[in-house]
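Subject: A structure for you to look at

Hi there,

Here is the structure I promised to pass on.

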Amino acid sequence: MPAASAPSPSPSPTSAPAPASTQHAPAALTTPAPEGRRLAALLTLLGSGLSNQTGAAIGSLAFPVLGPLGVVAVRQYVAAIALFAVARPPLRSFTRHQWWPVLLLALVFGTMNLSLYTAIDRIGLGLAVTLEFLGPLAIALSAARRRIDACCALVAAAGVVTLMRPQPSADYLGMGLGLLAAVCWASYILLNRTVGRRVAGAQGSAAAAAVSALMFLPVGVVLALRNPPTPTALGYAVAAGVLASAVPYLADMFTLRRVPAAAFGLFMSVNPVLAGLVGWIVLGQRLGPVEWAAVGAVVAANALSILTARR
């Protein structure tokens, strides 16, 4: 699930781009490292995914007090602090040509996290993250022109139809918010590419995170005055920001320098599975066999597209 991510690695022209998580750092990929370091990077990437989903689950524990809006506000503050500490963008030197995609990125960043967390509140972590994952998956498949990618798209679509099938307890607003998060994530990836071309390193993402935090500042003030948060709820929200923003960002800065883009995208594709498991263990949100099959279809579609990209 997306956090304070910086630009994802640019894909090779001959292959479909690997989906980038909303917490991905902008580091350029270099020559693959020795096997020991690569294994460490992949384990770090797995830990990053677990941290991201655990952070979202912990943040949802604060929903009864802060609501999704309050939790997202705190998360935006933490993301801005983390990115600013790393990138230190020279905001005064930004030109208009640089500022407009940064401002759009800030708007998309806030909307993405708010729609995702509201969807988590309504339909659960596993289903919300699976729907959100359709954003980067769509970006990856749209760049491909192979028959197998068309088959992957059909498999993913079948999974989504299964997830959104009519049921007495179906929450279509929550599902719609999950799809909105997917659209925002896809927009986030495309905007990050533009920002990455115009602003050096992670400075553009740090500036966008800061603007997004400022957008949520009035929200935090109003919520704090109307319903002062308990220390426990505030702690949950801060933990969500650290685990779902700061930790994944720093972890991905490490891994992107040590693993190929395909391996990065393949490991990120397990996030819906991790979300389902974390939602079950931490929140008691159990998915049925049909839901797990649908999640598996979405993950398999992405994995198959990446694994066959260079064949």
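Before the findings, one term: two rings of Phe, Tyr or Trp (its six-membered ring) pair if their centres lie within 6.5 Å, and planes over 60 degrees apart count as edge-to-face. Please also keep in mind that this is a predicted model.

**Aromatic pairs**

Searching the whole structure turns up four aromatic pairs. One of them to look at is F63 with Y117: the ring centres are 6.3 Å apart and the planes meet at 65°, so this pair is edge-to-face. The two residues come from distant parts of the chain, with F63 in helix α2 (residues 63-87) and Y117 in helix α3 (residues 96-123), 54 residues apart. Is F63 buried or exposed? Its relative accessibility is 9%, so F63 counts as buried, because the cut-off for buried is under 20%. Y117 is buried too, with a relative accessible area of 0%.

**The chain as a whole**

How many helices and strands does the protein chain have? There are 12 helices and zero strands, so reading along the sequence gives the pattern α-α-α-α-α-α-α-α-α-α-α-α. Of the 311 residues in the protein chain, 53% are buried. If you take the contacts between residues at least 6 apart in sequence, 86% of them join residues at least 24 apart.

The protein chain has a mean pLDDT of 81, and 82% of its residues reach 70 or more. Among its elements, α3 has the highest mean pLDDT (93), while helix α10 (residues 261-268) has the lowest (67). Do take care with residues 3-33, where pLDDT stays under 50. For that stretch the model has 115 contacts beyond four places in sequence.

Next, find helix α4 (residues 125-132). Eight of its eight residues are buried, so α4 is largely enclosed by the rest of the structure. Those buried residues include L125, A128, T130 and L131, and also E132.

V160 is buried, with a relative accessible area of 14%. Which residues does V160 touch, leaving aside its neighbours within four places in sequence? They are L131 and L134, and L131 is one of the buried residues of α4. The C-alpha atoms of V160 and T130 are separated by 8.6 Å, although these residues are 30 apart along the chain.

**A cavity**

Rolling a probe the size of a water molecule over the atoms shows where empty space is left. Here the count comes to one cavity of 30 Å³ or more, and the largest cavity has a volume of about 30 Å³. Which residues line the largest cavity? They are L45, L46, G49, F267, M268, V270, N271 and L274. The elements that give two or more residues to this lining are α1 (35-60), α10 and α11 (271-283). Of the elements, α1 gives the most, with three residues. By type, the lining divides into six nonpolar residues, two polar and no charged.

Enjoy exploring, and write back with any questions.

Best wishes

Notes. Residues numbered from 1 in each chain as written. Predicted model: local features only at pLDDT ≥ 70, side-chain atom pairs only at ≥ 80, totals over all residues. Heavy atoms only, no water. Phe/Tyr/Trp six-rings, centres within 6.5 Å; stacked < 30°, edge-to-face > 60°. Helix = DSSP H or I, 4+ residues; strand = E, 2+ residues; numbered from the N terminus. Buried < 20%, exposed > 50% of the residue type's maximum accessible area, 1.4 Å probe, protein only. pLDDT = per-residue confidence, 0-100. Contact = heavy atoms within 4.5 Å. 1 Å grid on protein atoms, 1.4 Å probe; cavity = no way out; pocket = protein on both sides within 12 Å on 5 of 7 lines; lining within 4 Å. Points joined across faces, edges and corners; volume = space filled by probe spheres on them. Nonpolar A, V, L, I, M, F, W, Y, C, P; charged D, E, K, R; others polar.
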